[in-house]
Amino acid sequence: MDSTRKLWIGLAILLVSSFAVLLWAGGAIFRAAPPVPERVVGPSGEVVYTKADIQRGRQVWQSVGGMQLGSIWGHGGYVAPDWSADWLHREAVAVLDGWAVREGAKDYASLTPVQQGRLRVELEPLMRRNTYDPSTGTITLAEDRVAAVRTVARHYENLFGNEPSTASLREAYAMRNNTIADAEKRRALTAFFWWTSWAAATERLGEAGETIAPTGPIQNHRVTYTNNWPSEPLIGNRPAPSLWLWSAFSVVFLLAGIGLLGWHHARTHEDDRPERLPDTDPLATLRITPSMRATAKYFWVVLALFLVQILLGAITAHYQVEGQEAYGYAIADALPYAITRTWHTQLAVLWIAVAWLATGLYIAPALSGHEPRFQRLGVNFLFTCLLIIVVGSFAGQWLAVMGKMDLAYNFWWGHQGWEYADMGRFWQWFLFIGLLLWLTLVGRALWPVLRQRANETRTIVGLLFLSTVAIGLFFGAALMWNEHTHISEVEYWRWWLVHLWVEGFFEVFAAAVMSLIFVRLGLVRVKSATTAVMFATIIFMAGGVLGTLHHLYFVGTPTSVVALGASFSALEVVPLAYIGFEAYHTYRLGSATPWMARYKWPILFFISVSFWNLIGAGLFGFLINPPLSLYFMQGLNLTPLHGHTALFGVYGMLGIALVLFCVRGLRGQMKWDTRALKLSFWALNIGLAMMALFTLLPLGILQLLAAIEHGYWYARSAEFMQKPIVDMLVWMRVPGDTVFSIGALALAWFIFRLWVVPRPDPEFQSTAPVPGKSN
């Protein structure tokens, strides 16, 4: 049995076993999820909330932006509070204030430290005790909690309305006035917010969980449904013992994985260049088929979406310092924060995905030399569908957030409220069908190569095809939940989409495409490239599949999921180190022959992918991935630190590299004035580093210290986020954003000139082979 066949078998076993465990974990999550009660009642039986209130409140929350306006259980936007943590703290303080007034004091804050300590001891069991009755589906609250719930509910009803007393908070949270104009909807929203905070404060029934001591004077303590998240000193929410244990083990797994990788690399590393390199560029005379030429419009749209995304990102960031305005203009009335952030995050995925989809459509006929019938028609039809999806989904989201769409239509046509999965269900189905069309177009063009058993590149092309199949099918995870599916289940499937679709199978697709490009250029031996791609895929998938669970520590999951997520998310850093090993090798390929100068900038963008993979995805990712770290950091600015440097630094830079490789084929006979590319490369990388180091990292560290010292609610509160130093750090984004924008404009200018004012390349004309003659 040859080594390639062994690698295929190993990959198959790995994927089957990993997905089996992931599906098992999903079942455990669904069983352990916090219950949605039929009724919430007071001690005398009066109804506080019903299940219908909670479900309708969730619909209202989703329609106004959901996770794009603040967050739930730590997942979402960063300017408004985490509503679960904010409600929990306000309810705890309201109970304490009520008790303080009963004892003759003004409020809890006016008591002595000894008195405060005594009340906190009474508060903890009141808030943490689970009074849910599974037989009746009823939660019974003490009278003091019922009064506190009503007090906090009034605050939120005023906040999401137009009450003058909460105007300053709306400005601090970047919320438009009358975010929810209907009073009944505002009341329903409070039911949903209360339920998310109840799950965060209430100890889970039926699981031994976090027993500190089984016997003796020390009382047993169970974790809450959200594994004691968020940090809230008033009710004793602190990191559970399992978070400490599995965080320590994750470091051990990381060190072991990198050690094994280093040993493997040292043992198997060899020079994989062929004995004789080509004298000329093998792709210079590539026949550009009609469907390949039709992909050019995709790259134009990629640049347009990229530029709009940057503009929306600047507006979204600026909302943090001016609230409802941008440089004095009240744009929140037309483009509220929830919309600009929705479009900003969605465009980030869309333009990168379109770049990769277009690369697949371009590279498939290039590899096989086969142009199937009606391929160009399919490419053009898919392009039209993508434009309709972007415009239609964005229009629906705007109508929903502005309150112009009936709640009954929101799930299908408006704003689903799930970060990175915001578009309405109709548009998700449309996109899924479009991806199946893309899969068909790429597959039928690759089919001749897949049928040739003697073709040396068949294994890599097969892996490219399988990753194409996975990209097409795994978007179906977005269709696995319905309008009233439990949030814990939605989060499980949503991270299949965000983590597995983007961070898993797109990685394999990119590795296969880049290897095939270097093979076609004659710079790498086919056997070496095949082994490298298969090995890279195995280590991607080894940590990537079960690493999905690190997003699910605090969404109502059992301790077993925390253990699996911590162990395997640590291994996600290992392939990033492997890519770092390959970066130098890629650089060497860039100078292997004189004609490789034609590919200098695409290769440099690919090398920057390796850099940001190590820094953004690796270091900044592992910074927040261990359970103990994420307990305090989730939803703070250390999360977008990882998000920006990984999403753009890795996938964005890789998208640009692939675009440039394709454009080199489409406009290869034209002279490339690379001064704009040089400016773009350095401005994008330096601008991204400035964003990270000037704003996101220091602001995230300040929030982390605040969360550890005072509780998570404080790190996300208006009181903290309106401090002068926070304003200064947010303004410090301007230099980085400006440099980054210059890089994007330079890239667009370079592509624009290649099509609008092209100049033939004299060197290419003199060296290109003449058909029918020998060189």
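Helices here are DSSP runs of at least four residues, numbered from the N terminus. All views show a predicted model.

**View 1. Gln309 sits in helix H10.** Helix H10 covers residues 296-322, and Gln309 is found in it. Is Gln309 buried or exposed? Its relative accessible area is 10%. Buried means under 20%, so Gln309 counts as buried. Look next at its contacts. Leaving aside neighbours within four places in sequence, Gln309 touches His344, Leu347, Ala348 and Trp351.

View 2. Helix H15 runs through residues 458-474, which makes 17 residues. At 1.5 Å a residue, the helix should span 24 Å. The C-alpha atoms at its ends are 24 Å apart, so the two values agree.

**View 3. Helix H15 is mostly covered.** Of the 17 residues in H15, 12 are buried. Among them are Thr459, Ile460, Val461, Gly462, Leu463 and Leu464. Further along, the buried residues include Ser467, Thr468, Ala470, Ile471, Gly472 and Phe474.

**View 4. The largest cavity holds about 180 Å³ of space.** Which residues are closest to its centre? They are Leu283, Tyr362, Ile363, Ile517 and Phe661, out of 17 lining residues. The lining of the largest cavity divides into 13 nonpolar, 2 polar and 2 charged residues. Across the whole structure, a search finds 6 cavities of 30 Å³ or more.

Technical notes: Residues are numbered from 1 along each chain as its sequence is written. This is a predicted model: local features need pLDDT of at least 70, side-chain atom pairs count only at pLDDT 80 or more; totals for chains, interfaces and linings use all residues. Side-chain values use heavy atoms; hydrogens and water are left out. Helices (H or I, at least four residues) and strands (E, at least two) are DSSP runs, numbered from the N terminus. The expected span of a helix is 1.5 Å times one less than its number of residues. Buried means under 20% relative accessible area, exposed over 50%, partly exposed in between (1.4 Å probe, protein chains only). Contact means heavy atoms within 4.5 Å. On a 1 Å grid over the protein atoms alone, a cavity is a set of points where a 1.4 Å probe fits but cannot get out, and a pocket is an open set with protein on both sides within 12 Å along at least five of seven lines; lining residues have an atom within 4 Å of a point. Grid points are joined across faces, edges and corners, and a volume is the space filled by probe spheres set on the points. Ala, Val, Leu, Ile, Met, Phe, Trp, Tyr, Cys and Pro count as nonpolar, Asp, Glu, Lys and Arg as charged, and the others, Gly among them, as polar.
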